[in-house]
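Open the model in your viewer and get ready to select residues by number.

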Amino acid sequence: MKVNEIYETKILRLNNEAEGVGVIEGITTFIPYTLSGEVVKVKIDTIYDNYARGTLVEIIEKSNNRVNPICPYFYECGGCHLMHLNYDKQLEFKKGKIESIFKKISNENVKVENIYSNINYNYRNKLTLKVDKNKIGYYKEKTNEIVEIKECFLADTKINDVIKDLKKFINEYEDNNINEIMIRVIDDKLMLSLDNMNLNYKNIFIEKFNFIDSIYINDNLVYGDKVLNEKIDNFKFNISPNSFFQVNKEVAKAMYEKAVSYVDNSDVTLDLYSGTGTITTLLSKKSKKVIGIEVVKDAVKDANENIKLNNITNVEFILSKVEDKIDTLKKLNIDNIVLDPPRSGSDKKTLKNILEIEPNKIIYISCNPITLARDYNILKEKYEIKEINAYDMFSNTYHVETVMILEKKDI
């Protein structure tokens, strides 16, 4: 095998990042934008010690599951990975991905009960776009080169309408200096945040965009509402430019409902990695006391504002790393633990403390099946899987959310 040479291979499967896997001259080769069963021509880009990476040149035999991506930027942008695959097969891929990861890492034959999905286009309620003079778009994968776009097919149509107006503005005022734009839509209201904008154009911008409900320029509110209100299950949540909130509301709502439904009415529930307190707030109706632990100061501030907004009195938030605080709560009568860690998963100290607390149930929400399976390897000392469900929060990408319910083993 040689770099820049073209080879023919059959795609045996997709890896966890939805890249086709072929074998060329005995070397496993990863080829993006290919599908299982296809025969393709590939240009070799890089050769490593035990694998290679290549670029698709030509499809000789096409999969019946291949579809034409509706997005003209799909093969450049890198934001989507699966738009060339029939949507039903995308869901099958994600379900199978979770099951195969658990088999490989935990040696468990788990079955994903369901994969919940909603719409696979125009579902995102938030976009962050890069700007360079009169260009607006996304960074091309693994580069600082902007792929200019007119619209994003994953974004809410109201966001795409704003992109068109922004495009006119940055074309008219090339020395705008804007380098990043965040656009949010919450219950038909719009929020816009511009970074590094030339303030000489502030008033002009406000005049042209006075249909936006909330405008922030260089982190300062300059027009409209300070926050927008999102609603889930009769609870209200304040959303500011930096607030974390799931970009796919309908799928997030289904995921949270499932997680909360498994929590027993109890004395104390812990919500680890509680973020801005969305799940914590929902848990307040199932426990006499809910304690959330979160390390990000602004997130805890948002969380405390949200419980005040909803007149909730049985929730407490602790600003701390989870691993630094969880062992101080062992004396409490903790019946349930919910954890929703970052992609890196939880840490061993936290997991060991959970085993010592011995709650009746553990509800683990994960955006990364690999770290979920890894952490389960520790928790399975005392717990077994009751149920696993998947959630297609990010359609047309390889990402998948998982809710795993663990119950104590009969020992």
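A residue counts as buried when its relative accessible area is under 20%, and as exposed when that area is over 50%. Keep in mind that this is a predicted model.

**Stop one: the helix**

Select residues 87-106. This is helix 2, with 20 residues.

Now colour the buried residues of helix 2: Tyr 87, Gln 90, Leu 91, Phe 93, Lys 94, Lys 97, Ile 98, Ile 101, Phe 102 and Ser 106. They cover an arc of only 160 degrees around the axis, so they sit on the same side of helix 2. Turn to the other side. There, Asp 88 and Lys 104 are exposed.

What covers the buried residues? Show strand 2 (13-14), strand 7 (112-116), helix 10 (369-379), strand 22 (383-391) and strand 23 (401-408), which are among the covering parts.

Next, zoom in on the two ends. At the N-terminal end, Asn 86 caps helix 2. One of its side-chain oxygens lies 2.9 Å from the backbone nitrogen of Asp 88. Just after helix 2 comes Asn 107, with a positive phi of about 55 degrees.

**Stop two: the pocket**

Select Glu 19, Pro 32, Tyr 33, Arg 53 and Glu 141. Of the 25 residues that line the second largest pocket, these lie nearest its centre. Strand 5 (39-47), strand 6 (52-61) and helix 1 (74-77) each give two or more residues to this lining. Which element gives the most? Strand 6 does, with 4 residues. The volume of the second largest pocket is about 740 Å³.

Methods
Residues are numbered from 1 along each chain as its sequence is written. This is a predicted model: local features need pLDDT of at least 70, side-chain atom pairs count only at pLDDT 80 or more; totals for chains, interfaces and linings use all residues. Side-chain values use heavy atoms; hydrogens and water are left out. The expected span of a helix is 1.5 Å times one less than its number of residues. Buried means under 20% relative accessible area, exposed over 50%, partly exposed in between (1.4 Å probe, protein chains only). The arc is that of the directions from the helix axis to the C-beta atoms. Contact means heavy atoms within 4.5 Å. A polar contact is a pair of N or O atoms within 3.5 Å; within protein, one must be able to donate a hydrogen and the other to accept it, and residues adjacent in sequence count only if both atoms are side-chain atoms. On a 1 Å grid over the protein atoms alone, a cavity is a set of points where a 1.4 Å probe fits but cannot get out, and a pocket is an open set with protein on both sides within 12 Å along at least five of seven lines; lining residues have an atom within 4 Å of a point. Grid points are joined across faces, edges and corners, and a volume is the space filled by probe spheres set on the points.
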